[in-house]
Amino acid sequence: MLNFFILILIYTCIYAFMSLGQNLITGYSGMLSLCAAGFFAIGSYTTAILTTSFGWSFWATLPIAALLSALMGVLIGLPTLRLKGDYLAIATLGFAEIVRNIINNWDALTNGPMGIQRIPMITIFGIKISPYQKYGFLLMEIIMLLICWFLFERLASSRMGRALEAIREDEIAANSMGINVTKYKVVSFALGAAVTGIAGCLQAEFTLSVSPGSYVFMVSIMVLCTVVLGGMGNFVAVILGAFIIQFISYLPQLIGLSNIIPAQAKQIIFGLILVIMMIYRPQGILGRKERNNKKAEKNWLLNKKEAINEHA
Amino acid sequence: MSMLETQALTREFGGVIAVNKVDFFVEKNMITGLIGPNGAGKTTLFNNITGLDTPTSGKVFFEGKEITGTPADRVCRLGIARTFQNIRLFKELSVIDNVMVGRHFHAGNSHNRTIQAILSYLNVEKEEKKTYLDAMKWLEFFGLENLRNEKAKNLPYGYQRELEIARALATEPRLLFLDEPAAGMNPQETEDLMKTIRRIRDIGVTVVLIEHDMKLVMNICDNITVLNYGQKIAQGTAMEIQSNPAVIEAYLGKDEDEEDDEE
């Protein structure tokens with residue numbers, strides 16, 4: 001049981017990476033993208049191919065996977081990001097499906113539907129981080145997640161985060177305030193793609209095998225669910241959302257009812273959650289994080305006081 | 001050469017010519033009015049100058065340089081800011097954040113902004129503090145500093161209008177376009193707005209405004225351009241415009257009997 005709970009936490013971390021990316025794209029820039037599965041697959045296969053066929057270390061494949069995902073993000077972002085709302089969702093969904101189909105059919109590179117097996121385990125300073133000893137793997141994931149979360153949080157509190165929020169609120173007004181809307185949209189899309197690619201690397205290293213069946217449309221939907229459930233525009237909330245979504249999807253196994261409740265039931269539950277959330281709490285469990293200007297405000301008050309004192 | 005000049009600016013939408021060969025001039029440090037009946041092409045002219053729309057033909061010059069077809073964000077960086085007819089604030093952001101967006105391109109260095117933003121925690125904080133101070137100046141200019149932490153959407157209408165102007169001024173423009181700033185305001189608010197616009201001119205910002213409130217236009221504009229059906233029909237001082245037969249015709253129609261009804 002505890003072992004199973006650790007498994008849930010491991011998957012929570014993998015999905016939390018994707019949620020961070022999705023939150024930057026959807027929660028901050030306001031773009032409804034549905035291609036998490038595509039970047040997830042690109043990350044996984046980059047690690048799988050480079051480690052098995054070329055003997056690279058996992059740590060070397062990590063930046064390559066992130067860069068490749070980001071590059072793909074830019075490539076599909078440039079033509080599609082001028083689309084809005086549902087249209088963007090459909091275009092990005094198409095991209096994710098294209099990636100899956102390419103993987104499924106490019107036998108020479110990806111071994112087709114058979115997938116790639118026997119991916120070497122991660123080693124760090126000579127210590128093997130085996131997915132069978134779940135604690136070590138989880139610890140590594142948590143450390144990586146914390147770093148990513150910290151970087152994204154910094155990004156959101158910088159003026160780039162503010163620019164993204166401005167774009168979400170009103171693109172035309174943001175454009176007229178000197179913000180290069182296309183550039184910021186593409187950058188946020190690429191960063192979101194990169195972190196989703198990293199999630200893919202971890203997924204490949206955890207299962208030690210990759211096959212096209214793991215990168216279906218449902219993955220993108222689950223990632224979107226984590227963001228909506230946790231709270232758009234709040235990085236802590238989406239990590240919480242990732243945990244809840246993973247907890248629910250493994251609940252039948254956790255309580256030992258997996259032979260009574262079919263695995264597909266989780267899809268119904270996700271649907272219900274989305275509907276209920278939209279009706280009763282559209283902002284998500286924790287809601288949007290307000291921009292924090294407290295330090296700058298204090299500084300302003302201080303300056304003001306000084307100015308008054310000088311006057312007197 | 002005038003500060004801003006359009007030469008035979010034309011914008012066609014399919015068969016409709018919204019702006020037809022308009023030569024529009026803005027002189028430095030003056031308040032220029034752009035008036036005309038509804039659908040005359042005033043806002044389209046604004047959009048074509050500020051880069052939100054691209055003219056079909058014709059040219060736009062700002063401070064002697066051609067800016068025809070320059071995207072809106074670059075136009076803003078060149079020193080032209082604008083407000084919108086139907087207020088376009090960042091509704092979910094706080095008042096101060098709205099103005100801080102206006103400071104966006106003044107903060108930080110222009111290279112590797114993304115990397116810098118992610119990596120240098122200290123720099124972000126320093127940069128934010130400075131941006132906050134600069135933005136606050138503009139809130140104080142409008143006396144909105146006590147509302148700084150309110151969400152923009154919760155502000156009363158008049159304040160929203162002021163906030164939009166504050167946000168535009170935060171980009172430090174040399175030329176400010178106001179699209180119907182007095183729309184929906186009561187006489188007292190309009191009176192205050194006139195004072196505000198004069199204050200803006202006094203700090204060295206040239207103002208161009210579209211307005212339907214004739215009292216406001218005639219009172220504060222040094223120069224007025226009149227559009228009708230996309231064409232410029234008159235240009236001159238308030239006095240000249242008021243006695244221009246083409247303008248009277250555009251606004252009141254040709255029937256001379258109207259004048260008899262004045263008393």
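The model is predicted. Chain A has 13 helices and 2 strands, while chain B has 10 helices and 11 strands. The two chains touch through a contact that takes 31 residues from chain A and 39 residues from chain B.

**Chain A overall**

- The secondary structure of chain A consists of 13 helices and 2 strands. Its radius of gyration is 21 Å, close to the 20 Å that the globule rule gives for 312 residues, so chain A is as compact as a globular protein of that length.
- Buried residues make up 48% of the 312 residues of chain A.
- Among the contacts in chain A with a separation of 6 or more, 79% are accounted for by residues 24 or more positions apart.

**Chain B overall**

- Chain B contains 10 helices and 11 strands.
- A compact globule with 263 residues would have a radius of gyration near 18 Å, and the 20 Å of chain B agrees with this.
- The C-alpha trace of chain B spans about 70 × 40 × 30 Å along its principal axes.
- Of the 263 residues in chain B, 43% count as buried.
- Where contacts in chain B join residues at least 6 apart in sequence, 67% of them join residues at least 24 apart.

**The contact between the chains**

- Chain B contributes 39 residues to the contact, and chain A contributes 31 residues.
- On the side of chain B that touches chain A, at least two residues each come from helix 2 (72–78), helix 3 (95–102), helix 4 (113–119) and helix 5 (121–141) of chain B.
- Helix 5 of chain B gives the most to this side, with 10 residues.
- By class, the side of chain B that touches chain A holds 18 nonpolar, 8 polar and 13 charged residues.

**Helix 1 of chain A and its partners**

- Helix 1 (residues 2–28) of chain A packs with helix 10 (residues 217–230) of chain A at an angle of about 70 degrees, and their axes are 9 Å apart. That angle makes helix 1 of chain A roughly perpendicular to helix 10 of chain A.
- In this contact, residues of helix 1 of chain A including Tyr15(A), Met18(A) and Gln22(A) meet residues of helix 10 of chain A, among them Met222(A), Leu224(A) and Val227(A). The contact of helix 1 of chain A with helix 10 of chain A has 6 nonpolar, 6 polar and no charged residues.
- Helix 1 of chain A also packs with helix 9 of chain A, at an angle of about 170 degrees and with axes 8 Å apart. Helix 1 of chain A is therefore roughly antiparallel to helix 9 of chain A.
- Residues including Ile10(A), Ile14(A), Phe17(A) and Tyr28(A) of helix 1 of chain A meet residues of helix 9 of chain A, among them Phe189(A), Val195(A), Leu202(A) and Phe206(A).

**Helices 3 and 9 of chain A**

- Helix 3 (residues 58–80) of chain A packs with helix 9 (residues 181–207) of chain A at an angle of about 140 degrees, with their axes 7 Å apart. These two helices are therefore oblique to each other.
- The crossing of helix 3 of chain A with helix 9 of chain A is right-handed. Its contact residues comprise 17 nonpolar, 8 polar and 2 charged.

**Buried elements**

- Helix 7 (residues 159–169) of chain A is mostly covered, with 11 of its 11 residues buried. The buried residues include Arg159(A), Arg162(A), Glu165(A), Arg168(A) and Glu169(A), as well as Met160(A), Leu164(A) and Ile167(A).
- Ile35(B) lies in strand 4 (residues 31–35) of chain B. This residue is buried, with 25 other C-beta atoms within 10 Å.
- Apart from its neighbours within four places in sequence, Ile35(B) is in contact with Glu211(B), Val217(B), Ile224(B) and Val226(B).
- Ile35(B) and Gln7(B) are 28 residues apart along the chain, and their C-alpha atoms are separated by 19 Å.

Definitions and conventions: Residues are numbered from 1 along each chain as its sequence is written. Chains are lettered from A and ligands numbered from 1 in the order in which they are written. This is a predicted model: local features need pLDDT of at least 70, side-chain atom pairs count only at pLDDT 80 or more; totals for chains, interfaces and linings use all residues. Axes are lines fitted to C-alpha atoms, for helices over the stretch in contact, and angles run from 0 to 180 degrees between N-to-C directions. Helices (H or I, at least four residues) and strands (E, at least two) are DSSP runs, numbered from the N terminus. Angles under 35 degrees count as roughly parallel, over 145 as roughly antiparallel, 65 to 115 as roughly perpendicular and the rest as oblique. A crossing is left-handed if the near helix is turned anticlockwise from the far one by less than a right angle, and right-handed if clockwise. Ala, Val, Leu, Ile, Met, Phe, Trp, Tyr, Cys and Pro count as nonpolar, Asp, Glu, Lys and Arg as charged, and the others, Gly among them, as polar. The radius of gyration is taken over C-alpha atoms; the globule rule is 2.2 Å times the number of residues to the power 0.38. A residue is buried if 20 or more other C-beta atoms lie within 10 Å of its own, exposed if 12 or fewer, and partly exposed in between; C-beta atoms are placed from the backbone. Two residues are in contact if their C-beta atoms, placed from the backbone, lie within 7 Å.
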